[in-house]
Amino acid sequence: AGCKTKGQCDEHHKSQILPLTPLMDECETEFSFNISGRVEGSTDRANESIKVLNLGDKEKNNKRLIEKRKQLSHNLLMINGLEPDEGLEDDELLRSVIVDLLTPQDGKLAPFAPVVANILRSWISS
């Protein structure tokens with residue numbers, strides 16, 4: 001679930017303790033992705049994991065990953081008929097797009113599909 005990119009993920013992790021991993025269910029709720037490409041943690045362990053893996057909570061920390069996440073997220077939104085900069089108020093459509101994004105095609109999810117699903121969940125009215 002991690003990457004091998006120089007300066008982030010596995011490469012940045014080395015032997016540091018990782019308190020929250022992609023294999024934990026809580027990963028889905030303790031990380032919050034923004035349309036800007038940044039990631040935020042809602043718990044101390046999520047923030048520590050972001051730091052250990054250099055996942056891009058601030059542009060100075062990992063501008064390249066933030067921009068890549070932003071561009072790929074925007075592309076996935078547009079492919080699914082959503083304008084990234086406008087948001088959307090139709091909760092049913094958002095839920096439908098989330099289901100589509102999280103449904104594997106040929107056994108695989110599109111790159112960054114869980115990130116976009118996380119962004120869309122934050123757009124759904126509470």
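Glutamate 28 is partly exposed, at 46% relative accessibility. In this predicted model, the side chain of glutamate 28 meets that of arginine 121 in a salt bridge, with N and O 4.0 Å apart. Glutamate 28 belongs to helix α2 and arginine 121 to helix α6, so the pair ties together parts that are 93 residues apart in sequence. Arginine 121 is also partly exposed, with a relative accessible area of 37%.

**Salt bridges**

The structure holds six salt bridges.

| Glutamate 26 | Arginine 45 | 3.6 Å |

Through shared partners, salt bridges join Glu26, Glu30 and Arg45 into one network. The salt bridge between glutamate 26 and arginine 45 likewise links distant parts of the chain: glutamate 26 sits in the loop between α1 (9-13) and α2, 19 residues from arginine 45 in helix α3.

Glutamate 30 counts as buried because its relative accessibility is 9%, under the 20% limit. Glutamate 26 is partly exposed at 33%, and arginine 45 is partly exposed at 27%.

The largest nonpolar core has 25 residues, and Phe31, Leu101 and Leu120 have the most contacts inside it. At least two core residues come from each of β1 (31-33), α3 (44-53), α4 (59-79), α5 (91-101) and α6 (113-123). Helix α6 gives the most, with seven residues.

Helix α6 is mostly covered, with eight of its 11 residues buried. These are Ala113, Val115, Val116, Ala117, Asn118, Ile119, Leu120 and Trp123. The buried residues of α6 pack against α2 (27-30), β1, α4 and α5.

**Loop between α5 and α6**

Which residues in this loop have a positive phi? Aspartate 106 has phi near 55°, a positive value in a residue other than glycine. Phenylalanine 112 lies in the loop between α5 and α6 as well, and its phi is near 70°. Aspartate 106 counts as exposed because its relative accessibility is 82%, whereas phenylalanine 112, at 21%, counts as partly exposed.

Definitions and conventions
Residues are numbered from 1 along each chain as its sequence is written. This is a predicted model: local features need pLDDT of at least 70, side-chain atom pairs count only at pLDDT 80 or more; totals for chains, interfaces and linings use all residues. Side-chain values use heavy atoms; hydrogens and water are left out. A nonpolar core is a set of buried Ala, Val, Leu, Ile, Met, Phe, Trp, Tyr and Cys residues joined through side-chain atoms within 4.5 Å. Buried means under 20% relative accessible area, exposed over 50%, partly exposed in between (1.4 Å probe, protein chains only). Helices (H or I, at least four residues) and strands (E, at least two) are DSSP runs, numbered from the N terminus. Contact means heavy atoms within 4.5 Å.
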